[in-house]
Amino acid sequence: MRDFPSLPCYPCPHQSSCCAYGVTLSDQEAAAILPIHGAETIYRTRWGEWRTRVRGKRCVFLRDNVCTIHAESYYPAVCRGFPWTDAETGGPYEYDRTICPEFVSRPELVQLGRSSSASRSST
């Protein structure tokens, strides 16, 4: 696995913009969150996937620009892998990284994950 540059995530200079959407949770993550944090923090979509709720334009687990469940075993894999690793496949994150303004101000970062996936597929 490739080493990627660190991002200024803590404290985030971008007001945790990546947390604006909420995230998809695995069934195991949802099962761990429900009894501790309650049903008001997550929901199941009509497609059957679990997601964190968004309030005030940020994930409900974000407080004062800090994720309150970051150190927990049920910290979502989607969050753990972003922006380099896709939580579902374990491969490179192929979606829009520019939800983090760091990728807008440093466009060379956008290509880092993609170039590693291209080199892996050509070997």
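## Cys79

Cys79 sits in helix α2, which spans residues 77-81; helices are DSSP runs of H or I with at least four residues, strands are E runs of at least two, and both are numbered from the N terminus. The model is predicted, so local features need pLDDT of at least 70 and side-chain atom pairs count only at pLDDT 80 or more, while totals for chains, interfaces and linings use all residues. Residues are numbered from 1 along each chain as its sequence is written, and side-chain values use heavy atoms, with hydrogens and water left out.

Cys79 has a relative accessible area of 27% and is therefore partly exposed (buried is under 20%, exposed over 50%, partly exposed in between, with a 1.4 Å probe and protein chains only). Between Cys79 and Cys18 the C-alpha to C-alpha distance is 8.9 Å, with 61 residues separating them in sequence.

## Arg51

Arg51 belongs to strand β3, residues 50-52. Arg51 is buried but has no salt bridge (a side-chain nitrogen of Lys or Arg within 4 Å of a carboxyl oxygen of Asp or Glu). The nearest side chain of opposite charge is that of Glu49, 4.2 Å away.

The Arg51 side chain reaches the backbone oxygen of Gly22 at 3.0 Å. Contacts of Arg51 (heavy atoms within 4.5 Å), leaving aside neighbours within four places in sequence, include Tyr21, Val23, Leu25, Ile42 and Tyr43.

## The chain

Four helices and seven strands make up the elements of the protein chain, in the order β-α-β-β-β-β-β-β-α-α-α from the N terminus. Of its 123 residues, 36% are buried.

Conventions
Lys and Arg count as positive and Asp and Glu as negative; His and the chain ends are not counted. A polar contact is a pair of N or O atoms within 3.5 Å; within protein, one must be able to donate a hydrogen and the other to accept it, and residues adjacent in sequence count only if both atoms are side-chain atoms.
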